[in-house]
Amino acid sequence: MPNHERTWAGRSRVASRGGYSMCGTIARLQPLAGGERELRELLGTWERDRGSQVPGNRGGFVFTPDENPYERPTIFLISVFEDQATYRTNADDPAQHAWYLQPRALLAAHPDWYDAYLPIGAENYLLSLKPA
């Protein structure tokens, strides 16, 4: 799949790195004009509809920057997985790709994806920010 068209079902290029425990992705999303609210609401349904069924899912965050230096409205998505194996399993799951097509229809362009690792211990802080 071309790099500019990587989807949640095709992002599995992470490799093992020492000093890191969890991995996931950071995505920069550009919603269609006027569609920010609908996109945020849809992204919020992932935890409810799919996240609880995905082994290794440790949560996700959706951010809207206070000041947007980009041409289009921008939303950042961060998803966190227990480890590389669970991240890859979800990334390669056809059901994840099917779900991805819903928010993709609300975007003006393909997302910018940044696979990332979380330093050991940082996940406890991040996860403490989410209500139980």
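Asp 93 is partly exposed, with 25% relative accessible area. This value comes from a predicted model. Asp 93 sits in the loop that joins helix H2 (84-91) to H3. Along the chain, Asp 93 and Val 54 are 39 residues apart, and their C-alpha atoms are separated by 9.8 Å.

**The chain as a whole**

The protein chain has four helices and four strands. Read from the N terminus, their order is β-α-β-β-α-α-β-α. Of the 132 residues in the chain, 39% are buried. The accessible surface of the chain is about 7600 Å², and carbon and sulfur atoms account for 53% of that surface.

Contacts can also be sorted by how far apart the partners are in sequence. Among contacts in the protein chain with a separation of 6 or more, 77% are between residues 24 or more positions apart.

Thr 25 belongs to strand E1, which covers residues 20-29. Is Thr 25 buried or exposed? Its relative accessibility is 1%, and buried means under 20%, so Thr 25 counts as buried. The C-alpha atom of Thr 25 is separated by 6.7 Å from that of Trp 113, a residue 88 positions away along the chain.

Ser 79 is part of strand E3, residues 75-81. With a relative accessibility of 17%, Ser 79 also falls under the 20% limit and therefore counts as buried. Leaving aside residues up to four places away in sequence, Ser 79 touches Cys 23, Gly 24, Thr 25, Gly 59 and Gly 60. One of these partners, Thr 25, is the E1 residue described above.

**A residue in a loop**

Leu 32 lies in the loop between E1 and H1. Its relative accessible area is 38%, which lies between the limits of 20% and 50%, so Leu 32 is partly exposed. Which residues does Leu 32 touch, not counting those up to four places away in sequence? They are Ala 105, Leu 106, Leu 107 and Ala 108. The C-alpha atoms of Leu 32 and Arg 104 are separated by 10.0 Å, although the two residues are 72 positions apart along the chain.

The table lists the C-alpha pairs.

| Pair | Separation along the chain | C-alpha distance |
|---|---|---|
| Thr 25 and Trp 113 | 88 residues | 6.7 Å |
| Asp 93 and Val 54 | 39 residues | 9.8 Å |
| Leu 32 and Arg 104 | 72 residues | 10.0 Å |

**Helices H1 and H3**

Helix H1 spans residues 36-49 and helix H3 spans residues 94-104. Their axes come within 9 Å of each other and cross at roughly 160 degrees. How are H1 and H3 oriented to each other? Angles over 145 degrees count as roughly antiparallel, so H1 and H3 are roughly antiparallel. The crossing of H1 past H3 is right-handed.

On the H1 side, the residues that meet H3 are Leu 39, Leu 42, Leu 43, Thr 45 and Trp 46. On the H3 side they are Gln 96, Trp 99, Gln 102 and Pro 103. Sorted by class, this contact of H1 with H3 has six nonpolar residues, three polar residues and no charged residues.

Note on methods:
Residues numbered from 1 in each chain as written. Predicted model: local features only at pLDDT ≥ 70, side-chain atom pairs only at ≥ 80, totals over all residues. Heavy atoms only, no water. Axes fitted to C-alpha atoms, helices over the stretch in contact; angles between N-to-C directions. Helix = DSSP H or I, 4+ residues; strand = E, 2+ residues; numbered from the N terminus. Parallel < 35°, antiparallel > 145°, perpendicular 65-115°, else oblique. Left-handed = near helix turned anticlockwise from the far one by under 90°. Contact = heavy atoms within 4.5 Å. Nonpolar A, V, L, I, M, F, W, Y, C, P; charged D, E, K, R; others polar. Buried < 20%, exposed > 50% of the residue type's maximum accessible area, 1.4 Å probe, protein only. Areas by Shrake-Rupley, 256 points an atom, 1.4 Å probe, with all protein chains shown as cover.
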